[in-house]
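Here is a short note to read beside the structure, written for someone who is meeting such a model for the first time. Please keep the sequence and the structure open while you go through the points.

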Amino acid sequence: MTNREHILEPFIFGLLPGLSQKKNPDVVLNQSPIMTEGEWGDMLLKTGFSGLDILISDAGFLTEKSVSAVMISSAVESNTLPQIDVYAIYDESNAAQKAFLGYLHQELTSQKDISINPVPLSSIEKHNLDQCFCLFLGDLDGNLLAHLQEDQLEKLKTIVSVARTVVWLNFQDPLADELPTYGLIPGLARTLASENNECRIISVVLDYAKGVQNAATNVVRVLKSASHATGIPEDEFYEKNGLLHIPRVITDGVMRDKVFAEERIVRAPWKKLENPGLTIATAGHLRTIHFEQTPDSGDTLGPDDIVVAVKAVGLDNRDYLVSQGQIHDKAFGSSCAGVVVRISHSPTHDLRVDDKVFGITRSALRQKVRCKSFQMHRIPENMEFSEAAACVQVLCIAYFSLIQFSRLRKGERILIHYGKGTLGQAAIQIAKLYECDIFITTDNLESAAFLRTQFAVPEEHIMPLNASEFCSGVNRMTHGQGVDVIFTSAPSQNLYDLWQCLAPFGRLVDTSAKEYPNYSKNTSNFPNGENKSMLSVDPQSLLQAPKFSEILSEVARLIKYGKLKAPDSIPIFHQNELVNAFKFLQNEDNNRDLVIQIRDNEPTAMTLSPHKERLFNAEATYFLAGGFGGVGRSVARWMIEQGAQYLILPSRSTVEGSGSEREKFVQQLRDQGADIRAPQCDIANLDELKDTLSQLKDMPPIKGCVQAAMVVRDSSFAKMTIKDWHASLAPKVRGSWNLHKALPVDLDFFIMFSSSTGIMGSFGQSNYTAGNTFQDALAAHRLQLGQRTFSIAFSMITGVGWVAENSQVQALLKARGMIEEVTLNDIFELLRFCCDAGQPNINSQIITPLSLPADLRTMGIVEPLGSTRAIYSYLHILPSRYDVSAASGDKPAHQPLKLPSAALQNALSFANAIDIIIEAIQTQLSNLLVVGKDDIDPKNPIHKYGVDSLVAVEMRNWFAKGVGADVSSAEILDNIGIADLAKKVGVRSKYVKDDLKEGRMR
Ligand SMILES: NC(=O)c1ccc[n+]([C@@H]2O[C@H](COP(=O)([O-])OP(=O)(O)OC[C@H]3O[C@@H](n4cnc5c(N)ncnc54)[C@H](OP(=O)(O)O)[C@@H]3O)[C@@H](O)[C@H]2O)c1
């Protein structure tokens, strides 16, 4: 019973002898089972229990409505409690710290098992704190970490490197709008736990509003719990309304169901789906390619418009490059074939409903495509949809390039460079039609044989791609005259080599698109006055131009009369084989286009688009810090697609007028129709930020902020410089706080991109993780002020951003157990929820899925140091989400790694055990350093492979858990070969049986 004010319970207990409230209120107070929660806690402590460990109230947080509660406490034998000597480190020039020390002394006068020894911060070097239990008061007012000085940083390093336990105290006034610096401590402490398992940091955030006396009582509780705890000890405490709270990472079912609801994916026969269209969530990750519901193209058709039900779509290398983000586009598939299903009431063309057509349009890989009539033509009789889709684009480009553009004449000599490709083969067909003398280059004997038999080209006319060979071949076979026309579609070919093969009055026609990432053409130094022409075809704009109609009709006519045909043996895939289709395109050996054939009755998955209405207000401005970063750029594009019209993208460097990539990016956004400002502004500088905002007063009011700025300066805490500490903190701490202060208070949303590294701790990133947990605290603070705010702790983001751009960082994070990935689509789904003021804002902190301990075990990844902290205890009971046996396609290759521990226990001899250890070291190093396992020679010392002290500590943890041996960082970095190190480690390994070790000794 916890509510003395409730009438019923005092009445019942009052009936018991001696407990009548009327008779003797003192007795009721002292002996009645009706006590407040605080009184229960004190009573349990006084009577040999561990205090109120867990309280589950019958009325949730509404304590005044609560009548009873379930309370859990453990019996502690007071006479067995060891005496703890606590070394209280404080700044002797700080009155508040000294005063609090006084309160603690007072609190402890009646406690026999704790003694406090004050240690002034200025002289900690003089005290031997080795393996001591320290109480750190130096950050009591929260001013330390955000304003850290070099000497203070060094002192902190000393403390955490020698002490056994550090209880870190911090007061927070939840009612004041002050920098919530308490948020920095968990990020620092969680990372320190992952860097050093010999010192335990316990953070205690005290509630200033509840008074120092109450705080002192709670600190004593923490000291007792920290020194006497059994099992996994608690190491984060937050005092709220006078009670100590502990944090847990748990599943947020509401958020999961709201944001990532499974029902959003439907599966039905293709023809029954509502407008599926192909898209990719994260460029570069083929597994994120999927069909998504596309907006209805509307009822009213213009006189030129037709709607085609798509039956087959051609895909080529360009589509593959789009899927990889190497060509910035969203449209997949342009050549298509299908059936006309709608035309306008007063058409200007002769196409009719039910006509079978083929042609070119953008984004053809969808159920129905709306296009202009000039883009389609009736399919010649007896031609299959798949053949029509396979040939229409290449034949049209080849026909235009050779016949209309370079005016190829009957009997001319033509060199078709790289004739093996689908476009090259189309050019060969046209050249044959014009009875040309054909020369071809290709890459291997097999393709040469294919071209020879397929097109009856003489063997000696088919030459290797090597410039000197084809130049001399052409020269020899044309008696030094050269060819009249050269056709090339290879983006990286040196055109000058081809130019040399051209006869006077010759034409070199280049159809390779400039948008290709490996496009490298330079024609500026071509000699003038040789009566030769260089012609450049841009396939994309050609295919969209009305002139295309004429080309398409002619190609259709030539097909009809059997003069041209579709390529033989077209690779055909169906709509459910997209990943395989793109892999086929990826394989350079195939070098062929393919066709996706639609099966109308085949069940197909499609993501529903619930978001018909635009998310952002076109009359408002949105502030996007970090908008030029990898993730920020994608968010900026997405915001504009979702209706944002005014964006401010600050950058510390000059963008406007710089001619930089950033300026080009701004132009791309402006081309999307938005008003973009890119002021030079460091958000960590409040004056600069305020100045910037005042100069942008001509924009509509700011209604939302996304804060995705970050600076990464990795180093273990032991080696952290003060410069790196503040460089990483600046955008996250000062930057976020300045935005909180300088932006209007009535924003629709304020979203900070924090990181799951803040939640899990991340080796070598104490500055970054502290910045991230600060953002989590700031989000909670703003929410308390009634401002819609979220901090989203993302796991590793794939496809874009700093991690995606640094393969070594990715590998390191994975080796450290951060295997969970977030796609851009996940980010957009979360943003859609957070930016929508109509959605609830109950929790300010969102964490995207974390790697579970069970996942790591399944993968054979050694759990990182610090992973067993109490905050993660819920994660430990969850089952693994990876069924490694089912890993297929391009799902992340989370192949189970074999930890050496099991193999070592089954080793047959000591030599066998050493071999197992050597191989395991090679595997682990290759994972950590992103090098091939075979490149690691056991004769070499580990440091030869660039292992630094950061990676050495990582290896140390792995040796301890995977090999069962304690190996110091110095030993790992020593100048001793891997094989010799393995022998040393083998002797120490707890997994290698003693008899094997003894056998070795004998
Ligand atoms: N990438 C990931 O896998 C990942 C994972 C979890 C969380 N996140 C979070 O996602 C966000 C974006 O990450 P990212 O990978 O896109 O980072 P990024 O590519 O490094 O971009 C960060 C951007 O922040 C800007 N910036 C830094 N300090 C600034 C300051 N004081 N004022 C204004 N701008 C500043 C930088 O621009 P200037 O240099 O021009 O100022 C840079 O463009 C970060 O908050 C990060 O913590 C990312």
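Among contacts in the chain between residues at least 6 apart in sequence, what percentage join residues at least 24 apart?

1. The share is 72%, where a contact means heavy atoms within 4.5 Å. Please bear in mind that this is a predicted model, in which local features need pLDDT of at least 70 and side-chain atom pairs count only at pLDDT 80 or more, while totals for chains, interfaces and linings use all residues. Residues are numbered from 1 along each chain as its sequence is written, and side-chain values use heavy atoms, with hydrogens and water left out.

2. As for the overall picture, the chain has 34 helices and 35 strands, which are DSSP runs numbered from the N terminus (helices are H or I with at least four residues, strands are E with at least two). The C-alpha trace spans about 120 × 80 × 55 Å along its principal axes. Of the 1002 residues, 53% count as buried, that is, under 20% relative accessible area with a 1.4 Å probe and protein chains only.

3. Strand β6 (residues 165-172) is largely enclosed by the rest of the structure, because 8 of its 8 residues are buried. In a regular strand the side chains alternate between the two faces of the sheet. In β6 both faces are covered, with Thr165, Val167, Leu169 and Phe171 buried on one side and Val166, Trp168, Asn170 and Gln172 buried on the other. Strand β5 (residues 133-136) pairs with β6 in the parallel sense over 4 bridges, where pairing requires that DSSP finds at least two bridges between two strands; within this pair, cysteine 134 stands opposite valine 166 of β6.

4. Helix α11 (residues 422-433) and helix α12 (residues 445-455) have axes that come within 12 Å and cross at roughly 35°, the axes being lines fitted to C-alpha atoms over the stretch in contact, with angles running from 0 to 180 degrees between N-to-C directions. Their contact is made by Gln425, Ile428, Gln429 and Lys432 of α11 together with Phe450, Leu451 and Phe455 of α12.

5. Finally, is serine 989 buried or exposed? Serine 989 is buried, with a relative accessible area of 0%, although its place is in the loop between α33 (978-988) and α34 (994-1001). Leaving aside neighbours within four places in sequence, serine 989 is in contact with Leu904, Val963, Gly964, Ala965 and Lys997.

How values were computed:
Buried < 20%, exposed > 50% of the residue type's maximum accessible area, 1.4 Å probe, protein only.
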